[in-house]
Amino acid sequence: MSSYQNFEELPIWKEARQLALEIYTLTMQYDFSKDFAIMSQIRRSAGSVMDNIAEGFERDGRLEFINFLSIAKGSAGEVRSQLYRAFDLKYIEENKLDELISSYKQLSAHIANFIKYLNKSEIKGNKFKDRV
């Protein structure tokens with residue numbers, strides 16, 4: 001979509017990938033890793049952010065991409081909510097909570113800005129290239 005040839009080039013996908021790795025690393029800590037339910041859910045949510053960016057890009061249509069970006073943004077919010085729960089359960093320290101909340105808010109803002117860009121764009125996507 002636009003000047004990007006594949007989703008791996010997208011800055012928001014790269015950012016989501018890095019944050020997902022941070023979540024996986026965080027959830028390997030002893031107390032966190034023993035609570036399978038929250039560990040599994042926060043990992044799935046973090047992965048969902050990057051996966052929905054990728055899937056939306058691969059759909060080759062602007063409106064579908066926007067829809068998947070919206071889902072990715074929602075998953076970023078879900079991760080933030082789960083981070084608060086992890087903090088309440090004393091699985092993470094307040095400084096780590098603040099750092100990750102800030103990072104996920106920034107990612108959500110970047111996704112929202114990309115959605116705004118796509119909403120203003122005339123690009124329809126590769127699946128519409130040959131249509132009049």
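Predicted model: local features only at pLDDT ≥ 70, side-chain atom pairs only at ≥ 80, totals over all residues.

Trainee: What box do the C-alpha atoms fill?
Mentor: Along the principal axes, the box is roughly 60 × 20 × 20 Å.

Trainee: And how much of the protein counts as buried?
Mentor: Of its 132 residues, 44% count as buried. The protein exposes about 7700 Å², and carbon and sulfur atoms supply 50% of that area.

Trainee: What share of the contacts comes from residues 24 or more positions apart?
Mentor: Considering contacts with a separation of 6 or more, such residues account for 73%.

Trainee: How many positive and negative side chains are there?
Mentor: There are 19 positive and 19 negative side chains, and the centres of the two sets lie 5 Å apart.

Trainee: Let us turn to α5. How many residues does it have, and how far does it reach?
Mentor: Helix α5 covers residues 94-120, which is 27 residues. From its first C-alpha to its last it reaches 39 Å, close to the 39 Å expected at 1.5 Å a residue.

Trainee: Which of its residues are buried?
Mentor: The buried residues of α5 include Leu 97, Leu 100, Ile 101, Tyr 104, Leu 107, Ile 111, Phe 114, Ile 115 and Leu 118. Ser 103, Ser 108 and Ala 112 are buried in α5 as well.

Trainee: What covers the buried residues of α5?
Mentor: The cover includes α1 (11-26), α3 (36-58) and α4 (62-88).

Trainee: Staying with α3, is Ile 53 buried or exposed?
Mentor: Ile 53 lies in helix α3. It counts as buried because its relative accessibility is 0%, and the cut-off for buried is under 20%.

Trainee: What is Ile 53 in contact with, leaving aside its neighbours within four places in sequence?
Mentor: Ile 53 is in contact with Leu 10, Ile 12, Trp 13, Ala 16, Phe 65, Leu 69, Ala 72 and Ile 111. Ile 111 is one of the buried residues of α5. As for distance, the C-alpha atoms of Ile 53 and Lys 73 are 9.2 Å apart in space, and the two residues are 20 apart in sequence.

Trainee: Is Asp 51 buried or partly exposed?
Mentor: Asp 51 also lies in helix α3. Its relative accessible area is 46%, so it is partly exposed. Asp 51 is 34 residues from Arg 17 in sequence, with 9.0 Å between their C-alpha atoms.

Trainee: A change of topic: how many aromatic pairs does a search of the whole structure find?
Mentor: The search finds five aromatic pairs. Among them, Phe 7 and Trp 13 form an edge-to-face pair, at 5.2 Å centre to centre and with 70° between the planes. Both of these residues are buried.

Trainee: Why is the pair of Phe 57 and Phe 65 edge-to-face?
Mentor: Their planes are at 90°, so the pair is edge-to-face, and their ring centres are 5.8 Å apart. Phe 57 and Phe 65 are both buried.

Trainee: Which residues do ring pairs link into a cluster?
Mentor: The cluster consists of Phe 57, Phe 65, Phe 114 and Tyr 117. Of these, Phe 114 is among the buried residues of α5.

Trainee: Now the loops. Where does Asp 60 lie, and what is its phi?
Mentor: Asp 60 lies in the loop between α3 and α4. Its phi is near 65°, a positive value in a residue other than glycine. With a relative accessible area of 26%, Asp 60 is partly exposed.

Trainee: And what is the phi of Lys 90?
Mentor: Lys 90 has a positive phi of about 65°, although it is not a glycine. Lys 90 is found in the loop between α4 and α5. Its relative accessible area is 69%, so Lys 90 is exposed.

Key: Residues numbered from 1 in each chain as written. Heavy atoms only, no water. Buried < 20%, exposed > 50% of the residue type's maximum accessible area, 1.4 Å probe, protein only. Contact = heavy atoms within 4.5 Å. Areas by Shrake-Rupley, 256 points an atom, 1.4 Å probe, with all protein chains shown as cover. Lys, Arg positive; Asp, Glu negative; His and termini not counted. Charge placed at Lys NZ, Arg CZ, Asp CG, Glu CD. Phe/Tyr/Trp six-rings, centres within 6.5 Å; stacked < 30°, edge-to-face > 60°. Helix = DSSP H or I, 4+ residues; strand = E, 2+ residues; numbered from the N terminus. Expected span 1.5 Å × (residues − 1).
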